[in-house]
Amino acid sequence: MPIYVAKVKDHSGKILSEKVEAASPEQARSILQNRYVAIGKIDKSAFDFDLSQIEMALAKVTVKDKAVFSRQFSVMVNAGVAIIRALGILSDQAPNIKLKKALLAISAEVQQGTSLSDSMSKHPQCFDDLYVYMVEAGEAGGVLDEVLMRLSKLLEDMAKLQNQIKSAMAYPVTVGIFAVVAFLGMTIFLIPVFAGIFEQLGAELPALTKFMLFLSATLRSWKAIIPVAVFMIGGFLFRNYYKTPMGKLQIDTLALKMPLFGDLNQKIAVSRFCRVFGTLTRSGVPVLNCFDIVCNTIGNQVIVNAVQAAKNDIQQGGMISLAIQKENVFPPLAIQMISIGEETGELDSMMEKVADFYEDEVEQAVKALTSMIEPIMMVGIALMVGTILLSMYLPMFSIFDQLG
């Protein structure tokens, strides 16, 4: 969108020159009216490009950003603050430049008569289908503040789960990186020093030392680019294959069958399904729409296919628990609890209890997995360092035998 420059007066009476990105001068004026006392002449900027555009392209609205915004927005709406006024205040306080831009545009569209959910749907990078449908349900039922509070709780729970997994894996990943760097450093810089000493002494080099010298020479030559290039090309091909329907299905199937990680991936997908589905139904979103929205949040194509198949059965009058059970991808405990929720009419509450249970299971599984990975990594590091030291000391034993 083009950038406009306007003369504005702030609350202290100062005359400022303000830039704003908008589709038209009228939209630019609407955006600025929420932030300044008076708006003067608006002209299109002769130089549209600036550093903020680069920052805008690189910025990403995280789950945490949306959770904080939802909680603040809910409090302001509940306190009786007008939606346009609330959006203007939150846009000024938003630390994320992409979210700030979206809120300014949404505020301008709402001021012109567009509904809040329709305005948000025009910014999918900030507000996905889950967010838009829940806001739409809140507008229709007149409980927007309650829906926004549920949204903030949902997003906070999702962010908490992500942070638990990331924090648990941070230590092994960091140790692994340092181990590889240490191995490469010793191989590239330390082994050649000993190689020169062995050559001067005329020692007979064992096979392990010869291999390490060959590896060191390879890493110090242009041939070191080959494995890096192979790794990058392999990653590129993997990502493109995963984008295809068949590739995504095959890789996600493998992800559910992997030892150690398969059970964890299943629990993560089930907890996401139950958390989002329970929140949507409690907010008044129709059940069939809930299935469509949930499919975008699960993250595993095998379970997505199962949910879509269950949706087809439900359209014909079936029960959710029976429809999900047919696909044999959900744990029996989750199916039983969902069935009880349907029978008692407390499906949303039971879904959230299932989500709580499996999020706890994920947390415990991640801790157990981390406790297993750490000693394995220690053994791996010991083997790498031991291999280098052994390759350097074996020729010395041969030299000592010759001297003796």
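This is a predicted model: local features need pLDDT of at least 70, side-chain atom pairs count only at pLDDT 80 or more; totals for chains, interfaces and linings use all residues.
Student: What length should helix α9 span, and how far apart are its end C-alpha atoms?

Tutor: Helix α9 covers residues 207–219, which is 13 residues. At 1.5 Å a residue, the helix should span 18 Å, and its end C-alpha atoms are 18 Å apart, so the two values agree.

Student: Which residues of α9 are buried?

Tutor: Start with the general idea. An α-helix has 3.6 residues a turn, so residues three or four places apart point the same way. In α9, the buried residues are Thr-209, Met-212 and Ser-216. Viewed down the helix axis, these buried residues fall within an arc of 65 degrees, so they line one face of α9.

Student: Which residues are exposed on the other side of α9?

Tutor: Ala-207 and Phe-214 are exposed there.

Student: What does Ser-216 touch?

Tutor: Ser-216, in helix α9, has 0% relative accessibility and therefore counts as buried. Leaving out residues up to four places away in sequence, Ser-216 touches Thr-187, Ile-188, Ile-191 and Pro-192.

Student: How do I describe two packed helices?

Tutor: Two packed helices are described by the angle between their axes and the distance between the axes. Take α13 (residues 287–298) and α14 (residues 301–315): their axes come within 9 Å and cross at roughly 175 degrees. That angle makes α13 roughly antiparallel to α14.

Student: Which residues make the contact between α13 and α14?

Tutor: From α13, the contact uses Leu-288, Phe-291, Asp-292, Cys-295 and Ile-298. From α14, the residues include Ile-303, Val-304, Val-307, Ala-310 and Ile-314, along with Gln-308, Lys-311 and Gln-315. The contact residues divide into nine nonpolar, two polar and two charged.

Student: How are Asn-300 and Asp-129 placed relative to each other?

Tutor: They lie 171 residues apart along the chain, and their C-alpha atoms are separated by 18 Å.

Student: Where is Asp-157, and what does Asp-157 touch?

Tutor: Asp-157 sits in helix α8, residues 144–201. With a relative accessible area of 12%, Asp-157 is buried. Setting aside residues up to four places away in sequence, Asp-157 touches Arg-275 and Glu-359.

Technical notes
Residues are numbered from 1 along each chain as its sequence is written. Side-chain values use heavy atoms; hydrogens and water are left out. Helices (H or I, at least four residues) and strands (E, at least two) are DSSP runs, numbered from the N terminus. The expected span of a helix is 1.5 Å times one less than its number of residues. Buried means under 20% relative accessible area, exposed over 50%, partly exposed in between (1.4 Å probe, protein chains only). The arc is that of the directions from the helix axis to the C-beta atoms. Axes are lines fitted to C-alpha atoms, for helices over the stretch in contact, and angles run from 0 to 180 degrees between N-to-C directions. Angles under 35 degrees count as roughly parallel, over 145 as roughly antiparallel, 65 to 115 as roughly perpendicular and the rest as oblique. Contact means heavy atoms within 4.5 Å. Ala, Val, Leu, Ile, Met, Phe, Trp, Tyr, Cys and Pro count as nonpolar, Asp, Glu, Lys and Arg as charged, and the others, Gly among them, as polar.
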